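Dear colleague,

I am handing over the structure below, and after it you will find my notes on what I found there. Please read them with the coordinates open.

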Amino acid sequence: MNVYDSARMGDVLRPLGYAPVDAPDQADMIILNTCHIRDRAAEKVFSELGRLRLIKEARKEAGHGTIIAVAGCVAQAEGEEILARAPYVDIVLGPQTYHRLPEMVARAARAGGRIIETEFPAEQKFDFLPESEAPQTPGNLTAFLTIQEGCDKFCSFCVVPYTRGAESSRPVASVLAEARRMVASGVREISLLGQNVNAYHGEGPDGGIWGLARLAYALAEIPGLARIRYTTSHPRDMDEALIAAHRDLPQLMPFLHLPVQSGSDQILRAMNRGHTADEYRDLVRRLREARPDLALSSDFIVGHPGESDADFEATMALVRDTGFALAYSFKYSPRPGTPAAGAGMQVPEDVKDSRLQALQQLLRQQQDAFNQTMVGQSVPVLFTGTGRKPGQIAGRSPWLQPVHVQGDPALIGQEIMVRITERLSNSLGGIVEEEKEYA
Ligand code: SAH
Ligand code: SF4
């Protein structure tokens, strides 16, 4: 989402004459768009700011001014501290105020004062942003599109409800218009984004409220849009309509990121996740019934306060039962102001370390096994660019696996059937089966 937000900040600043430069030392303004989800992400901000300070000083000696802004969730959560610790920062702005950037820049330039805007404004930033200058990725073939933001679920460990604010959805018409613009500019794959993307409930053109499933059916009607993905989903919001959309819509990719965090009912309850491990298993079963080639990815936290050896074993059991194609796993990181951070029974660091290692080993085995099943199969690959070696072109399978072949660069931008011939550590190699768009 920060990638998407950064692009939109670019859209907001373009009318003021700002355009991208190749390196920070050429920039009149540098915006650090930050993440607060775990401690490590937040720490990086201060070390990065130290580097930007040197750039600002060097530019000043050469007679150039530099505005330094910190945006995103670290700005939201630690704005005052940033201003105190980094006096060379001019602007601090939260994720819901960046539509006001032009005004902040003008004020910073005029008054030379320092500006902090981290409230949650009554107005919706999407109503004030200029039309996006799609898209953000090289080759303009895949793009992110934020449809929903914020969260009201208040999981015990998570800062998102405090930094991104309350859950809200963009209206259907605005999402469809942005998607059409993207496709008109050459985009073939759109990833719909939201902290709880499947909690989407946008106002429809008919005045009714549309869920994510209905939005997906409407997007699938845009000619030329070959692939639709969405992330991140919450198991609690995975309704029957969305499961049916996976059965009905070939454009909806058979790859779902569905974080479970833990396989222990006791920890899931402590986390306030709102479902049990068996409910997750059952949901996965229903999804696979609807779309047999569906692969899953997930997020896991080890060492949430109160997690015992038996709780961790329950997570390992859930992983073994489910089988994940990909997964992200983290040591629990106490976030200031969240309920779990103040809870008793914090798990010692060395226990977190060994649990993480065991979990990651199992997840890695599953990922390798899943990728291995591709060898010998024919799969559609959306080619998005050239590969690393001469003569190679590269793209992704429906399951997000990077795939490279020896092939004609004219195939870039098309979805082509490829026979997979080898599995490398994090990608697949294959040969083009037929030089024509797969339909
Ligand atoms: N909305 C998504 C998750 C968004 S945060 C959901 O509900 O699943 C992305 C991931 O970061 C989470 O799934 C979780 O695994 C991890 N995460 C969030 N807070 C964390 C914390 N305090 N410590 C460790 N990992 C955390
Ligand atoms: Fe955070 Fe996701 Fe829980 Fe919301 S649902 S509080 S974003 S982990």
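Gln392 stands opposite Gln406 in β17, and this pair belongs to the antiparallel arrangement in which five bridges join β16 to strand β17, residues 402-406. Please bear in mind throughout that this is a predicted model. The hairpin of β16 and β17 has five residues between the strands, and Leu400 takes a positive phi near 70 degrees in that hairpin.

β16 (residues 392-396) is also joined by four bridges to strand β15 (residues 378-386), again in an antiparallel sense, and here the bridge partner of Leu382 is Arg396. Five residues lie between the strands in the hairpin of β15 and β16, where Gly391 adopts a positive phi near 85 degrees.

Turning to the ligand, 16 residues surround ligand 1, and the closest are Arg38, Gln195, Gln261, Asp299 and Ser333.

As for individual polar contacts, a polar side-chain atom of Asp299 lies 2.6 Å from an oxygen atom of ligand 1, and a polar side-chain atom of Arg273 is placed 2.9 Å from an oxygen atom of the ligand. A polar backbone atom of Phe157, in turn, is 3.0 Å from a nitrogen atom of ligand 1. Taken alone, ligand 1 exposes 540 Å², of which the protein buries 90%.

Conventions. Residues are numbered from 1 along each chain as its sequence is written. Chains are lettered from A and ligands numbered from 1 in the order in which they are written. This is a predicted model: local features need pLDDT of at least 70, side-chain atom pairs count only at pLDDT 80 or more; totals for chains, interfaces and linings use all residues. Side-chain values use heavy atoms; hydrogens and water are left out. A residue is near a molecule or strand if one of its heavy atoms lies within 4 Å of it. A polar contact is a pair of N or O atoms within 3.5 Å; within protein, one must be able to donate a hydrogen and the other to accept it, and residues adjacent in sequence count only if both atoms are side-chain atoms. Accessible areas come from the Shrake-Rupley method with a 1.4 Å probe; for residues, only the protein chains shown count as cover. Two strands pair if DSSP finds at least two bridges between them. Helices (H or I, at least four residues) and strands (E, at least two) are DSSP runs, numbered from the N terminus.
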